[in-house]
Amino acid sequence: MAFVAGVLRRLLLVMCALVASLAFSGLAMATTVIVRGSTNAAPSSIQNYFQGTSPDQINAGIKALYATGRFANVSVRREGNRLVVNLVDNKRINHVAFEGNSKIKDAQLKSQIQSRSGGAFDPGLVAADVAAIKEAYVHGGHNDATVSDRIVNLPDGRVDVVFEIKEGDKTGVREIHFVGNHAFSDGTLRGIMSTTEMNFLSWLKTSDVYDPDKLATDEDHIRRYYLKNGYIDFRITGSDVHYDAAKKGYIITISMQEGPQYRIGSVNVVSNVAGLQPATLQNKLLVSAGEIYNGDEIQKTAENLTRAADEAGYPFAQVHPQGDRNPAARTVAVHFAIDPGQKAYIEKIQIRGNDKTRDYVIRREFDIGEGDAYNQVLIDQAKRRLEALGFFKKVTITAVQGSAPDKVIVDVDVVEKASGSFAIGGGYSTTDGFLASASISDSNFLGRGQFVKLSVSRGQYSSAYEASFTQPYFLGYRMSGTLDVYRKEQSVNVYSTYQTIITGVTTSLGIPLTDQWSVSPHYSLYETQIYIPNTAAQPYNDCTLPLTGVTPSPPTATNNCLTNGEASLAVKESQGRTLTSLGGVTLTYNTLDNPKDPRDGILGSITEDVAGLGGKSKFIRTTGDLRVFHPLTDDFVGVLHFQAGDIYGYGGHKLRLADNFNMGDSLVRGFAPGGIGPRDNSPGVNPQTNSLGGTTYLGASAELQFPIFGTPRELGLRGAVFADAGTLFGYQGQTQFAATCTPNDQAPTYTQGTCISVQDSHKIRTSVGASILWASPLGPIRINYAIPLTKAPGDQTQAFSFSGGASF
């Protein structure tokens with residue numbers, strides 16, 4: 001037995017030595033790597049990729065080397081106790097360039113491709129980049145664009161990758177057709193869409209580029225428009241989009257079924273929540289029986305009821321608008337059913353796609369947050385708010401199951417769009433002459449949702465400089481805070497003998513009370529400087545300060561300091577600098593359907609200002625403005641405009657010239673700027689240039705707007721006819737400037753007297769006229785031609801008035 005045990009021990013020792021030898025041999029092979037081939041790689045760096053010589057370890061090393069992107073080919077073979085690694089280096093990209101592109105800049109194209117300067121050259125990747133560039137041009141409206149690549153070989157295994165582009169002509173949307181629409185014309189439906197047809201202005205615009213996502217949004221806008229106007233059975237049955245090679249553009253055909261228009265037969269609230277009484281919720285209803293069914297108002301009512309239930313202690317309550325149609329009577333009975341709702345809490349709100357916009361800018365549009373009760377109505381409201389910001393091309397909100405049955409994760413996916421703009425422009429107005437302007441702005445400054453704008457304008461008779469900053473959520477509340485710093489100069493012109501310079505700062509808050517009502521407290525501190533030039537070219541003060549060689553000497557009845565033009569004594573008294581400290585508040589009511597091009601709704605405001613919180617001015621000013629828009633037919637829109645204002649001094653303070661209202665064509669078209677109201681009518685003084693302004697004005701106008709037939713609706717050209725009426729009166733400034741009143745015609749040596757004769761009439765001025773309005777791509781332009789029907793003595797008329805500008 002001892003002999004057998006000894007043999008076993010020796011056998012065991014031999015086996016251990018053999019295993020150790022094999023292990024050492026394997027380790028030696030794993031650490032001995034020979035690098036061959038067309039490569040600059042150091043053997044020591046390659047050796048780290050191979051931890052053994054087994055087939056699995058060798059394959060893992062090969063995969064790891066390929067993953068570095070440095071090598072075009074990797075192969076490995078064993079030679080005894082060594083691994084021989086054959087490598088072929090990838091070529092490196094020295095430079096990526098684009099040739100032939102002008103519509104899409106290099107920086108935009110680089111963001112679309114994967115090949116990078118300094119990166120590895122991959123023919124497959126370059127081919128994919130060619131396709132990506134082609135797709136970018138298709139989305140930009142250039143379907144005929146061709147893209148090819150050219151590889152330029154350089155020394156040391158480097159290449160230049162050049163993408164050669166032939167952009168071709170723009171291939172936008174040539175025609176948009178509708179099938180099945182009877183209630184609204186093709187032109188009206190096209191006006192709802194952001195996608196437009198190509199025309200002679202296509203070189204200036206991008207709205208005529210076909211984009212499937214934009215078309216889907218347009219279809220949703222059409223649905224909402226029909227639902228807003230009572231067509232609750234409306235549906236789009238199909239959209240056909242095809243490219244017409246002969247017309248070099250897309251043809252879009254949208255088919256629909258309108259159904260009948262419904263009115264609301266009855267409205268009631270049904271509460272299935274114990275303790276929540278329908279009677280207490282009646283004041284939250286925005287719709288009533290007899291009205292045309294309006295889907296927007298139905299949704300807003302559901303939001304009102306949801307908030308009311310939450311405030312009453314029922315955060316899970318769900319409001320479901322329901323309608324029972326009566327096809328024969330074409331009415332719908334509207335029920336707002338309030339159910340207890342399933343108890344579910346928001347576990348997390350996840351935001352994706354906001355590369356620039358900060359998370360909190362998006363989160364603050366939600367009235368609910370993590371840990372709150374999940375409510376679909378408030379989620380839908382947040383989606384509409386995010387879309388209204390104008391920061392995103394697309395907003396999608398979805399709810400998915402959370403970590404427990406009663407928890408929900410809210411996913412918010414956004415696609416951002418550019419928020420900054422730079423504009424230069426020009427225009428003309430009868431008051432300011434020719435104008436040039438430049439501005440830079442960003443509505444989502446640094447991704448914080450803030451609005452910043454710097455602007456400057458220069459004209460023949462005016463200039464303006466302004467910096468503006470708006471924080472939409474001031475101090476964390478749903479109210480805006482705005483700071484404006486400005487300087488405005490108005491030079492001498494055919495309507496004025498003096499120059500005005502206003503420099504100031506204004507701060508204001510915008511506080512929403514409801515969806516329609518808002519209040520805006522504000523404070524302004526500004527300095528007004530009035531200066532009368534007295535030069536050979538503009539001798540408007542030479543009765544007071546004679547000019548050698550200019551002021552007639554000796555004066556005669558027909559050649560004196562008055563006959564060459566002289567400012568009113570009231571203007572002279574107002575010369576110098578006046579500091580005004582003013583606080584006030586504006587109450588606004590707004591139901592406009594479109595703030596830029598309204599067709600329906602009301603915009604009204606009333607402002608109360610008090611000056612005297614410091615400074616020299618002391619007055620109380622009240623102004624009001626009301627505009628009512630109503631569609632009379634599919635194409636005709638009626639507009640009523642009412643305005644009024646009153647100002648008076650207090651504490652024994654007389655109003656200065658700069659405090660008064662100065663009105664002209666802004667009150668009654670057909671009158672010159674400053675052409676209505678009190679003026680210096682003293683002998684020898686030109687009444688055209690010596691408007692004094694008044695303290696009370698009233699105005700009203702009626703206007704009918706209509707398309708100019710034969711022109712494309714998308715061109716934005718419209719006509720209008722109007723009738724205006726208004727008056728300005730109540731000069732309360734100084735009229736006597738010495739102890740004794742001496743009129744001009746009684747002053748010695750044909751000079752200016754010591755008092756003025758004020759022409760001040762309460763007469764209602766009226767006019768009728770016609771206008772051309774153009775919402776051009778370069779900015780809004782309006783030309784008015786008006787005929788005054790009634791006027792007061794001394795009023796100054798002006799048949800044509802023109803205003804317009806451009807930004808590009």
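Let's start at L475. Its relative accessibility is 64%, so L475 counts as exposed, since the cut-off for exposed is over 50%. Keep in mind that this is a predicted model. Where is L475? It sits in the loop between strand 19 (462–471) and strand 20 (480–490). Its backbone deserves a look too. L475 is not a glycine, but its phi is positive, near 55°.

Next, L446. L446 belongs to the loop between strand 17 (433–445) and strand 18 (450–459). Buried, exposed or partly exposed? Relative accessibility comes out at 44%, so L446 counts as partly exposed.

One more backbone point. The peptide bond between S553 and P554 is cis, with omega about 0°. P554 is in the loop that runs between strand 22 (517–531) and helix 11 (569–573).

Now to helix 3. It covers residues 55–67, 13 residues in total. At 1.5 Å a residue, helix 3 should span 18 Å, and its end C-alpha atoms are 18 Å apart, which agrees. Which residues of helix 3 are buried? I58, G61, I62 and L65. These four lie on the same side of helix 3, because they cover an arc of only 100° around the axis. What do they pack against? Helix 2 (43–47), strand 2 (71–79) and strand 3 (82–89). Turn to the face pointing away from that buried side, and you find the exposed residues D56, K63 and A67.

Conventions
Residues numbered from 1 in each chain as written. Predicted model: local features only at pLDDT ≥ 70, side-chain atom pairs only at ≥ 80, totals over all residues. Heavy atoms only, no water. Helix = DSSP H or I, 4+ residues; strand = E, 2+ residues; numbered from the N terminus. Expected span 1.5 Å × (residues − 1). Buried < 20%, exposed > 50% of the residue type's maximum accessible area, 1.4 Å probe, protein only. Arc of directions from axis to C-beta. Contact = heavy atoms within 4.5 Å.
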